[in-house]
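I set down what I looked up, entry by entry.

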Amino acid sequence: MARFLGYRLIQSAFLLLGVSIVSFGLMHLAPGGPLSLYTLNPTVTAQDIERVKALFGLDRPVHVQYLKWAAGMATGNWGYSFFGGRPVVDIVLDRLPATLLLMGTALALALVIGVAVGILSAGRRNSVFDYASAVAAMVALSLPTFWFGLLSIFTFAQTLRWLPAGGMVSTGGGGFVDRLEHLILPVVVLALVLVAQWSRYTRSTMLEILDQDFIRTARAKGIRRSRVLLNHGLRAALVPLVTLAGLQVPLLVGGALVTETVFGWPGMGMLFLSALNTRDHPVLMAILMVGAVMVVLGNLLADVLVALIDPRVKLGHG
Amino acid sequence: MADATLMAVTIAPPRAGLLKRLVRHRLSILALVVLAVLVVGSAGAPWLAPHDPEELDLASRYAPPFAAGHILGTDDLGRDVLTRLMFAGQISLAVGIAAMLVTVVVGFSVGAFAAYYGRWVGTVLMRLTDIMLCFPSVFLLLFVAAFVTPSLASMALMIGLTCWMEIARIVYSQILVLKSADFIAAAQMVGAPSWRIILRQILPNTMAPVLVAATLNTANAILLESYLSFLGYGIQPPEASWGNMLTNAQSDFQVDPWLAVFPGIAITLAVTSFNFLGDGLRDALDPRTAGR
Amino acid sequence: MNAPAPALPLLEVEGLSVAFGRALAVDGISFAVARGETLGLVGESGCGKSTTALALMRLLAGARIAGAARLGGDDLLALDEGAMRERRGADIAMIFQDPGTALHPMIRVGDQIVEALHAHLPLSEREARERARALLGKVGIAAPEERLAAYPHEMSGGMCQRVMIAMAIACSPRLLLADEPTTALDVTVQAQILDVLRDLVTETGMGVILITHDLGVVAGMTDRVAVMYAGRIVELAPTVTLFARPVHPYTSGLLDCIPRLDSGWDEPVPAIPGSVQGAMDLPGCRFAPRCPRASAACAEVPRLREIEPGHLVACWNAP
């Protein structure tokens, strides 16, 4: 286990190294560079720009800048926001819990519903339920998340007034129920796409597994159908499903960004958008990296889980 | 005799698979029909549209659907919504399809070069693919879009350049399998140059999965364009795209909720159709799932 | 061994037909198995042997099944799915060809056996575990306690097949269907598995349908044999009779195909010319195109008829 973990950790580290180079490169390829906003502003003089460049170390060679930046990222010194001058690491970490809450809740909801729908569809292949869920999943996958979010705000917040239209807590409020009410719409909107993916993937995985010999053996034992599906079918499906969960992290992170912007959810996505409007370079870079770290960690976690679940994966005890 | 008894005792109806395939098929055909309508409506907008897309009718702003002369009503400046939807479709569909072409070209090149030349070229290219896959594509796209003057071409290029990785992986693995296949070895043995082997032998063999991925990429690209334009980083008004028609939907909602509905339906219709089409293609092209 | 057709059969199959879509895989076969009797079902692959067994277990998806299969007063083919589930494992059990894929790869062997026990017997967890260990001992697994905690991939093919047998006999079924139980195993292991099966039959008195294409296995294991060709039974006889006096040309052909130790090394092993391909669509006798004795009469379907006590054959040209 230790060797496997070590190998995967080193692999992930190299991946993140590549990620950092690509994002740093992208930022410097951007027309006007990191200070594009200032160069376009007529009230900012050329001397001002030189001064800011020197201040942020932007006048040095690119590779020096990169090494300095990468070392900073690794050691928790993520630089300072162009606006207000707060340490980026504080700004981002302030927003992280909100995003994690949104993503975690949506993922949990999607897992439960998606896997259940997928198993039912596979168990009743070609039934009305199977078709209905297949078509519903396809439409759900095709709905623009931001539009679905808008419609749900119009319907449940503005028209029916059942739920708040956005934010995380009411001004002055902050009780558990209040927070829960704020959570419902964003979570449902974010979970919709995930549910659709999970149900379809669970269904096809289960169908593949239900064709296997060991399922026939289980049925020959005379155990209940539900037990065949869950104890034998779902157990064998766990490995591919956990792998999918790992691969789904980019979708989850991206979906969280879109959802946050629609609902004004004060997480990393909102921060990213406001940083984008002000071209707040260090913040953008940091969030891009945090997003990528989440993806890499998600995959790593999925791999470790698979190794733990599947007895056939041989783990070196070294 | 046996057949007669069989008719009487039916334990599991054998029609199930057929029924399923019929439904699937019908959905794919329906998707094609919807797409045809969308394409004809958008491409033919200059001739078919009931109004001019820039024509302001300040006397009848925020007209509801079926108001005099405006089937889907008018927007905040009194422009005809149906007309704008049709013209917006030109942009949105064009961006989607152009972006898809970019993903195919880039993805195919990366995958093919990596697989065919192997060694360090292959390693570098496929690691780059892995790295690109670590970025949630929306982040990457917004990041780039904020620094680029938006146009149809730049949008298509940006979206394409953030979504080519899946095709690269498909092509890479397909070619690796094919490389060890006998007929490729035979082509090499008779001295066919490598570009020729790529074009004549490998291209047709990787077509099926790439076609499916490309169709699904079109759907995804339309979604991304609409989001980008909705946020204001995409197609700029007064030029209409389905996404930017929704930009003011939230503030206009109290006045005219319909403005929020139709562009979203247009996006959903287009995306659903491409998704169903891709799904149908997958079923049709993959013999393994034909019976499912 | 030379048992006549049983007087009071355990299982009585009548006119069993199985169709997938328009294709008929088994075409109106009838046979019976007595208590403590082992019936061999032989034939080339694709002749409908396994389909017959799976039809009796009602484990065929998307197939239409007709006919009757009476086991202890119930027609297995007429039971509703719930009642059939209660029979599986309890009254009629099955072991499969490839033990490597037939066991769940992610469940410990012990838990798989315990699950089979719990399905039909009111046992406590401890009793079930105790019973599982005893079962493993019965099928000849050394150190059963340790094996209970093992996963299938940690055991050999022969060991897995022993586990499969232990699982199948867990609830003392009256009838065991063994579908090519030794085909996937090494020759030395084959003999051990067959020994285990034979001992169990003697001890428990259950009826067995042994499906195989290996006539050596048939000779050593069975009391009677049914030879199948293209979905029909062409000859049914006590094993000794069948080997001594095969009547159907297909049976004779099969027996001739066994390589003999006393034949010269350069003599070719005889083979039946032609193939079974397309035989299902023939209107008359399906073996006719490959048959050395075919005649005009073969255009009509030959029925099984008794030519001596307990010896049935479906051939127009049989003596």
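Is strand 10 (residues 232-238) of chain C largely enclosed or left open, and why? I worked from a predicted model, in which local features need pLDDT of at least 70, side-chain atom pairs count only at pLDDT 80 or more, and totals for chains, interfaces and linings use all residues. Residues are numbered from 1 along each chain as its sequence is written, while chains are lettered from A and ligands numbered from 1 in the order in which they are written.

Entry on strand 10. I found that seven of the seven residues of strand 10 of chain C are buried, so the strand is largely enclosed by the rest of the structure. Buried means that 20 or more other C-beta atoms, placed from the backbone, lie within 10 Å of the residue's own. Strands are DSSP runs of E of at least two residues, helices runs of H or I of at least four, both numbered from the N terminus.

Entry on its partners. I noted six bridges between strand 9 (residues 224-229) and strand 10 of chain C, which run antiparallel; strands pair if DSSP finds at least two bridges between them. C:Met228 has C:Ile233 as its bridge partner. The two strands form a hairpin with two residues between them, and C:Ala230 in the turn has a positive phi of about 50 degrees. Strand 10 of chain C also pairs with strand 12 (residues 311-313) of chain C, antiparallel, over two bridges, and C:Leu236 stands opposite C:Leu312.

Entry on the open sheet. I recorded four strands in the order 2-1-4-5 in chain C, with antiparallel pairing. Strand 2 (23-33) and strand 5 (74-75) of chain C each have a single partner strand, so one side of each lacks a neighbour in the sheet.

Note on methods
Buried ≥ 20, exposed ≤ 12 C-beta atoms within 10 Å, placed from the backbone.
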